[in-house]
Amino acid sequence: MSGFRFWITAIWILLVVIFDAAFSNYSEDQCSWRGSGLSQQQGSVEQISLHCSEGSLDWLYPKGALRLTLSPRLPSVAVGPGGSSSGLITACVKPSEQFHGAQLYLERDGVLELLIGDRLESSPPPRVRCFSRLPGERVALFLQATPHQDISRRIASFHYELRGDWAARLSLDSTTINSEDACRPCNNTEILMAVCTSDFVVRGNIRSVEEDENLRAAVIKVSATRVFRQKYTLFTGNSRLSRKGEIRTLLQCGVKPGPGSFLFTGRVHFGEAWLGCAPRYKDFLQAYTVAKAAQQIPCELPVD
């Protein structure tokens, strides 16, 4: 019997070693990292560096600590109201609903600021947290494992996004954006640039506007009559003229349902569409026609 127990123990240890080795390194594209704390010493800090504007981290059985630096190759700048070219970089972190076993801090100039705490089973899902940094400013994310007798169900995982544009500051937790700037209508220059740089460009009507208390955002229900471009599948339907989708924006902007056709543009934030410029279609068409005649359009759109 003792020999049988020896082999069972040996097999279990071998499986742990194989499992730990399989998940101890980040992916080859250096956008995401998946690893285990089983082989990590208590009190040790593992250094991780990722180089994409979007990705994820999955830390199984947290133990010790992780220090994550993000050095992305940022996408082209999007345009919207309140936009600027100051070089400000905004990062947002969306924890999984099952985030357990660690606390996430922002490390800025050696000072730690708690972003996400270790949640209890009965706690509501953690919210998206965002922060901004200037070019050259040294910041990092620091994950500290919290002590638990049973770590078998502890997984600290989150997705991250980094943007060098105004739209990233329309995140669910950001307090850095001025709502007056975010809600003012785009001028003609901003509209024409948004058509070229946005993740989605859609002509449509507002069916309804709902309030999402969990997201603290207004959800605009849109019937799309024409999808000029969508980076992700946001507007779907059985025919070209009956596509439907949702676009989110700040509650403070006070969007109301009403008649008329609009041109909706914006960015995708953690798989959800967020509003950028949204002029009435006739106003966009007039601005586009004038700019095209003057050969001042940054890109062409197959308008009606």
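## Cavities and ring pairs in a predicted model

Search the whole structure and you'll find 3 cavities of 30 Å³ or more. This is a predicted model, where local features need pLDDT of at least 70, side-chain atom pairs count only at pLDDT 80 or more, and totals for chains, interfaces and linings use all residues. Residues are numbered from 1 along each chain as its sequence is written, and side-chain values use heavy atoms, with hydrogens and water left out.

What counts as a cavity here? On a 1 Å grid over the protein atoms alone, a cavity is a set of points where a 1.4 Å probe fits but cannot get out, and lining residues have an atom within 4 Å of a point. Grid points are joined across faces, edges and corners, and a volume is the space filled by probe spheres set on the points.

The largest cavity holds about 60 Å³ of space. Its lining includes L68, F131, R133 and L141. Strands β4 (65–70), β8 (129–133) and β9 (139–145) each give at least two residues to that lining; strands (E, at least two residues) and helices (H or I, at least four) are DSSP runs numbered from the N terminus. Sorted by class, the lining of the largest cavity has 8 nonpolar, 1 polar and 1 charged residues. Nonpolar means Ala, Val, Leu, Ile, Met, Phe, Trp, Tyr, Cys and Pro, charged means Asp, Glu, Lys and Arg, and the others, Gly among them, are polar.

Now for the rings: the structure holds 4 aromatic pairs. Rings of Phe, Tyr and Trp (its six-membered ring) pair if their centres lie within 6.5 Å; planes under 30 degrees apart are stacked, over 60 edge-to-face, and the rest tilted. Here are two of the pairs.

| Pair | Centre to centre | Angle between planes | Type |
|---|---|---|---|
| F200 and F235 | 6.1 Å | 55 degrees | tilted |
| Y281 and F284 | 5.7 Å | 50 degrees | tilted |

F200 counts as buried because its relative accessibility is 0%; buried means under 20% relative accessible area, exposed over 50%, and partly exposed in between (1.4 Å probe, protein chains only). F235, at 2%, is buried too.

Y281 and F284 are about one helical turn apart, because they're 3 residues apart in helix α4 (residues 281–293). Both Y281 and F284 are buried, and together with Y288 they form one aromatic cluster.

Notes: 1 Å grid on protein atoms, 1.4 Å probe; cavity = no way out; pocket = protein on both sides within 12 Å on 5 of 7 lines; lining within 4 Å.
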